[in-house]
Amino acid sequence: MQISTSKALLAGALALSFALVTTQAFADCDEGQETMVGKAIAAAASAKIAPVVPTQTKQMINLETCDTAGANISSEFKFNVIGSDGLYWATGTAKIAAGKVADLKFSGLSPNLAAASTKAGVKLAAN
């Protein structure tokens, strides 16, 4: 069975238009939004782990995703911080509204951060 070129083009155009319609609700953050989101998440993540890692020096945030939907922004991230006894990291998701973190959840912790969390009796990760 052969498909005509026009039918193949029509099918491709329909698939493309469907993909555009289903992804229209979210847009990628621009550079200014990424900077704001990164700073907000780093501050919130640092505060959340402070009971477990009270002495924090250098921090680094890596935004895996940064999507806008109207006035709200959502992001997946990896937060790295150097504590007095080594490097710790946490992965998670955050929702930003009005330039502030409205919700932050850790989904994964470095082994040493998980151990320090257990030792301190502070549950950091959602799992």
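Begin by selecting N80, which is placed in strand β3. The model is a predicted one. Is N80 buried or exposed? N80 counts as buried because its relative accessibility is 12%, and the limit for that term is under 20%. Now display the surroundings of N80: leaving aside neighbours within four places in sequence, N80 is in contact with K58, Q59, M60, L87, Y88 and W89.

Next, select strand β2, residues 56-69, together with strand β3, residues 72-83. The two strands pair in the antiparallel sense over eleven bridges. Further along this pairing, C66 stands opposite S75 in β3. Follow the chain from β2 to β3 to reach a hairpin with two residues between the strands. In that turn, select G70, which has a positive phi of about 70°.

Turn then to the other partner of β3. Strand β4 covers residues 86-97, and β3 and β4 pair in the antiparallel sense over twelve bridges. These strands also form a hairpin, with two residues between them. Select I73 to find I96 of β4 standing opposite.

Remain in strand β3 and select F77. F77 is buried, with a relative accessible area of 2%.

How many strands does the open sheet have, and in what order? There are five, in the order β1-β2-β3-β4-β5, with antiparallel pairing. The edge strands are β1 (27-28) and β5 (100-109), each of which pairs on one side only.

The next selection is helix α2, residues 31-49. This helix lies across β1, β2, β3, β4 and β5, and runs at about 130° to β2. The end C-alpha atoms of α2 are 27 Å apart, which agrees with the 27 Å that its 19 residues should span at 1.5 Å a residue. At the N-terminal end, select D30, which caps α2. A side-chain oxygen of D30 lies 3.1 Å from the backbone nitrogen of G32.

Colour the buried residues of α2: V37, G38, A40, I41, A42, A45, S46 and I49. What covers them includes β2, β3, β4, β5 and α3. In general, an α-helix has 3.6 residues a turn, so residues three or four places apart point the same way.

Proceed to helix α3, residues 111-120. Helix α3 lies across β4 and β5, running at about 85° to β4.

The last stop is the largest nonpolar core. Which of its 24 residues touch the most other members? They are I49, F106 and L113. The elements giving two or more residues to this core are α2, β3, β4, β5 and α3, and the largest share, five residues, comes from α2. In soluble globular proteins, nonpolar side chains tend to be buried together.

Finally, select I49 and display its contacts. Not counting residues up to four places away in sequence, I49 touches Q56, F79, V81, F106, L113 and L124.

Key:
Residues numbered from 1 in each chain as written. Predicted model: local features only at pLDDT ≥ 70, side-chain atom pairs only at ≥ 80, totals over all residues. Heavy atoms only, no water. Pairing = 2+ DSSP bridges. Helix = DSSP H or I, 4+ residues; strand = E, 2+ residues; numbered from the N terminus. Contact = heavy atoms within 4.5 Å. Axes fitted to C-alpha atoms, helices over the stretch in contact; angles between N-to-C directions. Core = buried A, V, L, I, M, F, W, Y, C linked by side-chain atoms within 4.5 Å. Buried < 20%, exposed > 50% of the residue type's maximum accessible area, 1.4 Å probe, protein only. Expected span 1.5 Å × (residues − 1). Polar contact = N/O pair within 3.5 Å; in protein donor to acceptor, adjacent residues only side chain to side chain.
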